[in-house]
Protein chains: 2
Amino acid sequence: MEKSQKIEALRAISHPVRIAILEELQKGVKCVSDFKAFLSAEGGSVFGKDISQPNISQHLAALRHAGLIDYYIDGRLRCYFLINPIIPDLIELLKKDYPDELPRPKCCPVTKKGTYPGERRR
Amino acid sequence: MEKSQKIEALRAISHPVRIAILEELQKGVKCVSDFKAFLSAEGGSVFGKDISQPNISQHLAALRHAGLIDYYIDGRLRCYFLINPIIPDLIELLKKDYPDELPRPKCCPVTKKGTYPGERRR
DNA sequence: TCCATATATGCAAATATTATTATATTTTTA
DNA sequence: TAAAAATATAATAATATTTGCATATATGGA
């Protein structure tokens, strides 16, 4: 996979609703109604409110154009599935535990002064 | 680290110039002139054109507001460094080799017809 | 002190993203 | 065959992002 495609995938995944959709898709093939149920307030939506059906379709279209998902048809259902292999790894990072910060290089914590490590330009 | 912070990090990293900056930062502390050199046409910029100094500063500010980097001061140099622990892992994914596609579920390759695996709603 | 260097900030224009609403398409069922 | 279900598309409005350009600020050196 090309780097530009990976950047495209990063862009596409950087939205709470689309992340929810992709996480759900990781469990297997899902149709739009599944997402609609999942993203409804009662259905356990992570978001305060319902996400409308057209909005879900738009997010699915965006994910498809970014090459993250595709679908097949069963009657009036569109059955979506993951096709981009970077997605499972990205989702894993989102679940992984991280400390708040990396260790910082030495500098005065008050004045924020320190020394540049390289050669200075002239 | 909170999930919302990770999503924020994904958003912030989803830009070719900012990825270049972050990859450069992974090598160690760098000042703005370092990025300017790196992102100039001669300096080996991945992009066709030069990236202007104000534009670099703007991207650095964006990365800082997203909590990905911070800086200390050495005279008139601002020395930037990574602080968000998810960044090295993300950059690794960008370098990792992936196949073009995941295996697809069974469906007719021409008509795109297949069968929905779950229970149908009524 | 005056000037050059390193970097940031402010603003405007162009563009992109997001959600909402209304409507269209296709398929199934009564 | 008409209505309902599942889903997509289109148009719009509200925002956000991105860039370019001009200018501001701070530091160090002559």
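In the predicted model, a polar backbone atom of Arg76(A) lies 3.3 Å from a sugar or linking oxygen of DNA strand D. Chain B contributes a contact through a side chain: an N or O atom of His15(B) is 3.5 Å from a phosphate oxygen of DNA strand D. Two or more residues of the surface near the strand come from each of α3 (32–38), α4 and β3 of chain A, and from α4 (53–65) of chain B.

In total, DNA strand D is surrounded by 21 residues, the closest being Ser33(A), Gln53(A), Ser57(A), Tyr80(A) and Gln58(B). Of the atoms of DNA strand D that come within 4 Å of the protein, 60% belong to sugar and phosphate. By residue class, the surface near DNA strand D comprises nine polar, six charged and six nonpolar residues.

Tyr80(A), one of the closest residues to DNA strand D, is also the bridge partner, in β3(A), of Lys30(A). Strand β3 (residues 77–82) of chain A runs antiparallel to β1(A), and two bridges join them. Both strands belong to an open sheet of three strands in chain A, which has the order β1-β3-β2 and antiparallel pairing. Because β1 (30–31) and β2 (69–74) of chain A are at the edges and have a single partner strand each, one side of each is left without a neighbour in the sheet. Helix α4 (residues 53–65) of chain A packs on this sheet, where it touches β2 and β3 of chain A. The direction of this helix makes about 120° with that of β2(A).

Note on methods
Residues are numbered from 1 along each chain as its sequence is written. Chains are lettered from A and ligands numbered from 1 in the order in which they are written. This is a predicted model: local features need pLDDT of at least 70, side-chain atom pairs count only at pLDDT 80 or more; totals for chains, interfaces and linings use all residues. Side-chain values use heavy atoms; hydrogens and water are left out. Two strands pair if DSSP finds at least two bridges between them. Helices (H or I, at least four residues) and strands (E, at least two) are DSSP runs, numbered from the N terminus. Contact means heavy atoms within 4.5 Å. Axes are lines fitted to C-alpha atoms, for helices over the stretch in contact, and angles run from 0 to 180 degrees between N-to-C directions. A residue is near a molecule or strand if one of its heavy atoms lies within 4 Å of it. A polar contact is a pair of N or O atoms within 3.5 Å; within protein, one must be able to donate a hydrogen and the other to accept it, and residues adjacent in sequence count only if both atoms are side-chain atoms. Ala, Val, Leu, Ile, Met, Phe, Trp, Tyr, Cys and Pro count as nonpolar, Asp, Glu, Lys and Arg as charged, and the others, Gly among them, as polar.
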